[in-house]
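Welcome! Let's explore this model together through a few questions and answers.

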Amino acid sequence: MKKRYFGLILYLFLAILPVYWMLNMAFRSNEEIVGAFHLWPQALDLSNFRTVLTDPSWYSGYINSLIYVAINTVLSLAVALPAAYAFSRYQFLGDKHLFFWLLTNRMSPPAVFLLPFFQLYNSVGLFDTHIAVAMAHMLFNVPLAVWILEGFMSGIPREIDETAYIDGYSFPRFFVPIFMPLIGAGIGVTAFFCFMFSWVELLLARTLTSVNAKPIVAIMTRTVSASGMDWGVLAAAGVLTIVPGAMVIWFVRNYIAKGFAMCRV
Amino acid sequence: MKPINNMAWFLVLPVVLCVAFSAVIPLMTVVNYSVQDILGPDQKVFVGMEWFKATMRDPELHGALIRQLIFTGTVLTIEIPLGILLALSLPASGWRSSLALVLLAMPLLIPQNVVGTIWQIFGRSDIGLAGVAVNAMGISYNYTNSSLDAWLTVVIMDVWHWTPLIALLAFAGLRAIPEAYYQAARIDGASRLAVFRYIQLPKMSGVLLIGLLLRFMDSFMIYTEPFVLTGGGPGNATTFLSQYLTQKAVGQFDLGPAAAFSLIYFLIILLACFLFYTFLQQNQQSTDKSTGSGS
């Protein structure tokens with residue numbers, strides 16, 4: 001039994017090291033970081049965290065990021081749920097082509113669309129708003145959401161729908177209170193993926209914002225260039241970006257452990 | 001068979017509208033740029049296919065494409081088997097499982113530029129743990145001036161960042177296999193390898209396909225991590241397609257050539273994914289038929 005876990009523990013240990021190193025940096029002053037090499041902080045210096053948590057130009061970034069990620073996750077799920085149901089239950093004109101077209105949007109490199117995106121959102125007056133970033137991120141999150149949800153929905157027998165319709169349920173009254181709880185795990189996993197890809201994205205978020213909706217990731221790049229290399233504050237801000245993600249994994253871990261197969265492509 | 005119902009279009013409509021707004025208009029803008037020479041805000045000359053011809057012959061683009069293919073190939077060959085191995089060795093349930101899952105998935109939720117920053121610090125030969133450790137072992141390592149070191153660092157960073165995705169998906173696939181399959185295998189006296197080959201792998205194929213496609217697309221579009229870590233250098237050792245494109249579009253403001261390049265780039269990914277998708281879908285159908293589960 002011990003031997004079985006050896007590889008896993010070794011991998012996890014190695015995988016944690018870079019994160020530990022950043023944590024280590026975050027608790028040290030800049031002079032200490034550049035001055036000497038230590039495996040752990042000599043004196044716990046909390047000033048880096050204090051800077052990030054008290055300076056509005058820093059912590060507003062976290063709030064902005066969380067706002068657009070939340071909008072993105074909710075909107076993506078709201079539009080993807082009915083669409084995934086349609087793909088999973090019915091054949092309709094052009095369904096296969098439509099599905100692949102949706103997937104192609106997941107494949108378009110953000111670098112390709114930076115400038116047009118900027119012009120588009122600027123001309124409709126959405127530049128530097130949370131909704132703009134959320135909409136832009138939907139481009140790659142919605143196709144993925146439809147794909148994952150479709151896999152989960154296809155695992156639910158169609159007889160359930162048919163029985164409900166025969167009993168006189170309308171589509172909304174069947175879909176929201178009966179069908180959605182059945183695919184609860186799927187919704188959880190999809191929300192996790194939407195959160196993840198939106199939270200880590202930098203290029204589009206940086207291009208579509210300037211002041212009011214500037215995400216934390218963009219603020220971090222600015223600090224690198226502005227004040228030389230402020231390693232300590234940078235590391236502290238980086239450590240704090242991991243916290244929301246770690247919380248989300250904690251909530252979604254049971255859905256993943258329960259398993260899903262996605263039998264259909 | 002699924003019933004034919006064209007009313008289902010109404011259920012799909014919100015998705016189509018949402019995605020079309022952010023996809024079709026920008027795509028048309030790029031197409032528009034790609035056939036014009038933009039001299040100023042109001043000065044544009046139609047040049048037809050000129051930029052496409054120039055882009056196809058650009059030796060730097062060929063270099064970036066080859067580096068991109070090697071990079072994507074390398075990370076996929078490492079990440080997929082490693083992810084499956086990790087998933088197989090994860091404990092099935094209990095607090096150990098939860099703890100391992102959370103630790104394993106942590107790199108996934110770190111923003112791309114923070115990933116770059118972490119490895120930038122971690123790999124530095126003066127203040128980074130990895131840099132100092134490797135140098136102390138007598139191997140000279142410095143990712144800022146050795147091309148090979150820089151390339152290896154980017155590969156290791158990507159493996160560190162994205163192997164958990166494959167592992168999580170594979171783990172979820174494994175957990176969905178009913179216990180009865182394993183019991184049947186035990187009765188038949190199947191070896192560990194046979195259980196993997198004939199039960200676990202086919203049952204994981206759905207989630208692995210998602211993982212494979214996602215990793216292919218994302219590694220082909222990688223931009224932020226190498227940008228933060230190496231800035232594409234030293235020389236152009238870690239300049240991949242997105243990097244080169246952004247240099248052209250933003251740095252030199254060559255909108256026409258950059259747009260033509262964008263379209264070619266997009267078409268390459270599209271073609272590769274289409275081949276993947278069709279191939280795997282046919283594969284799936286043939287296995288469905290042979291095992292008789294036509295669901």
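Q: Which pattern does chain A follow, read along the sequence?
A: Helices here are DSSP runs of H or I with at least four residues, strands are runs of E with at least two, and both are numbered from the N terminus. Chain A has 13 helices and 0 strands. Read along the sequence, its pattern is therefore α-α-α-α-α-α-α-α-α-α-α-α-α.

Q: What should we know about the source of this structure and its numbering?
A: This is a predicted model, in which local features need pLDDT of at least 70 and side-chain atom pairs count only at pLDDT 80 or more, while totals for chains, interfaces and linings use all residues. Residues are numbered from 1 along each chain as its sequence is written, and chains are lettered from A and ligands numbered from 1 in the order in which they are written.

Q: Which element of chain A has the lowest mean pLDDT?
A: pLDDT is the predictor's confidence in each residue, from 0 to 100. The mean for chain A is 84, and 93% of its residues reach 70 or more. Helix 4 (residues 56–89) of chain A has the highest mean among the elements, 91. The lowest, 67, belongs to helix 12 (residues 216–226) of chain A.

Q: Where in chain B does pLDDT stay under 50?
A: Chain B averages 83, with 92% of the residues scoring at least 70. Where pLDDT is low, the predicted coordinates should not be read in detail. The stretch under 50 in chain B is residues 291–295.

Q: What percentage of the residues in chain A is buried?
A: A residue is buried if 20 or more other C-beta atoms lie within 10 Å of its own, exposed if 12 or fewer, and partly exposed in between, with C-beta atoms placed from the backbone. Chain A has 265 residues. The buried share of them is 45%.

Q: How far apart do the C-alpha centres of domain 1 and domain 2 of chain A lie?
A: Domain bounds come from an automatic or database domain assignment. Chain A is divided into domain 1 (1–45) and domain 2 (55–258). Their C-alpha centres lie apart by 31 Å.

Q: Which helix supplies the largest share of the side of domain 1 of chain A that touches domain 2 of chain A?
A: Two residues are in contact if their C-beta atoms, placed from the backbone, lie within 7 Å. The contact takes 8 residues from domain 1 of chain A and 7 residues from domain 2 of chain A. On the domain 1 side, helix 1 (2–26) and helix 2 (30–35) of chain A each supply at least two residues. The largest share, 4 residues, comes from helix 1 of chain A.

Q: At what angle do helix 3 and helix 13 of chain A pack?
A: Axes are lines fitted to C-alpha atoms, for helices over the stretch in contact, and angles run from 0 to 180 degrees between N-to-C directions. Helix 3 (residues 47–54) and helix 13 (residues 231–258) of chain A have their axes 8 Å apart. Among the residues making this contact are A:Phe49 of helix 3 and A:Leu240 of helix 13. The angle is about 65°.

Q: How many residues of the side of chain B that touches chain A are nonpolar?
A: Ala, Val, Leu, Ile, Met, Phe, Trp, Tyr, Cys and Pro count as nonpolar, Asp, Glu, Lys and Arg as charged, and the others, Gly among them, as polar. The contact takes 81 residues from chain B and 85 residues from chain A. On the chain B side, 21 residues are polar and 3 charged. The nonpolar residues there number 57.
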